[in-house]
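Visitor: Can you walk me through this one? I'll ask as we go.
Guide: Happy to. Have a look first.

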Amino acid sequence: ENNIGADIVSGGELFRSIKAGIPSNNIIYSGVGKTPEEIKRIKDASDVITGCFKHIKKFINPGITTSEIDKIIYNYILKNKSFPSFSEINSYKFASCISINDEAVHGVPSKRKIRENDIIKIDIGAHIDGYAGDSAITVCFNKDYGKMAEASQRALEEAIKECKPEA
C-alpha cells in the first residue's frame, strides 16, 4: 500500500478493452462481434492491466518519477507474458501514458516527480497474441479531489450499465 493513503479510482476492475483503431497492427481491442474464445483472450489481456494497477499502487508515492512508474509497468507487463501496446505506436517508447494534475490525458512519462496533493492519471495498454486490454486509473493524493474522482467513477459505472446495443 502507498504510505499516504492515496485514493485510486479505477475502471480496471471492469472489463474494458475498447480503444478501436490504435494502433493499426492487427491488435484486437473491441469485444463487439467476437467469439467467446476471442472475448476470453481480450479479457486475459485486460486482466494483465488490472493486475498491473494493483501492482503499481504500492510504488506510487511522492518522490517517484513518472518514468520510474512507467518502467515498473513495462516490466510487469512483460513478466506476465504480454506486451505493452503503447510502445508499438509510431516512435512512442513507453508502456504507459502518465499525466499529472491539469495535464491532458496521455502525457509522456518523464523525470517529473510526483508530489503530495497531485492527481495522477495512468493509462496502460497490453496485448497477448494480438488481443488487447486497455484501461486508465486516477490516483489522488488530495482527499477533496479523491472524493470528486470517486463521484465521477460512480457516474461512469452507472452510465456503463445503461450501455446496450441499440440504446
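Visitor: Which residues is I73 in contact with, leaving aside its neighbours within four places in sequence?
Guide: This is a predicted model. In it, I73 is in contact with C52, I56, A95, S96, I122 and I124.

Visitor: Which residues have the most contacts inside the largest nonpolar core?
Guide: I73 is one of them, along with I56, I69, I120, I122 and I124. That core has 23 residues.

Visitor: Back up a bit. What pattern does the chain follow along the sequence?
Guide: The order is β-α-α-β-β-β-β-α. That comes to three helices and five strands.

Visitor: How much of the chain counts as buried?
Guide: 45% of its 167 residues.

Visitor: And what share of the contacts with a separation of 6 or more comes from residues 24 or more positions apart?
Guide: Such pairs account for 64%.

Visitor: Let's do strands. How many bridges join strand 3 to strand 4?
Guide: Five, and the two strands run antiparallel. S96 has I124 as its bridge partner in strand 4. I73 is in contact with both S96 and I124.

Visitor: Strand 4 with strand 5, how many bridges there?
Guide: Ten, again in the antiparallel sense. Within that pairing, G125 stands opposite D134 of strand 5.

Visitor: What does D129 do in the hairpin of those two strands?
Guide: D129 takes a positive phi near 50°. The hairpin has two residues between the strands.

Visitor: Is strand 4 largely enclosed or largely open, and why?
Guide: Largely enclosed by the rest of the structure, because nine of its ten residues are buried. Strand 3 is also largely enclosed, because five of its five residues are buried.

Visitor: New topic. How many salt bridges does the structure hold?
Guide: Six. One of them joins K40 to D44, with the closest N and O atoms 2.9 Å apart.

Visitor: Where do K40 and D44 lie?
Guide: Both are in helix 1, four residues apart, which is about one turn of the helix. An α-helix has 3.6 residues a turn, so residues three or four places apart point the same way.

Visitor: What about R112, which residue does it meet in a salt bridge?
Guide: E103, at 2.2 Å from N to O. R112 is partly exposed at 32%, and E103 is partly exposed at 31%.

Visitor: And the one formed by R115?
Guide: R115 forms a salt bridge with D118, and the closest N and O atoms are 3.8 Å apart. D118 counts as buried, at 3% relative accessibility.

Visitor: Last stop, helix 3. How far does it reach?
Guide: Helix 3 (residues 143-161) has 19 residues and reaches 27 Å from first C-alpha to last. That is close to the 27 Å expected at 1.5 Å a residue.

Visitor: Which of its residues are buried?
Guide: G146, A149 and Q153 are buried in helix 3. Seen down the axis, the buried residues of helix 3 fall within an arc of 60°, so they line one face.

Visitor: Which exposed residues are on the face turned away from that buried side?
Guide: That face of helix 3 carries D144, K147, M148 and R154.

Key: Residues numbered from 1 in each chain as written. Predicted model: local features only at pLDDT ≥ 70, side-chain atom pairs only at ≥ 80, totals over all residues. Heavy atoms only, no water. Core = buried A, V, L, I, M, F, W, Y, C linked by side-chain atoms within 4.5 Å. Buried < 20%, exposed > 50% of the residue type's maximum accessible area, 1.4 Å probe, protein only. Contact = heavy atoms within 4.5 Å. Salt bridge = Lys/Arg side-chain N within 4 Å of Asp/Glu carboxyl O. Pairing = 2+ DSSP bridges. Expected span 1.5 Å × (residues − 1). Arc of directions from axis to C-beta.
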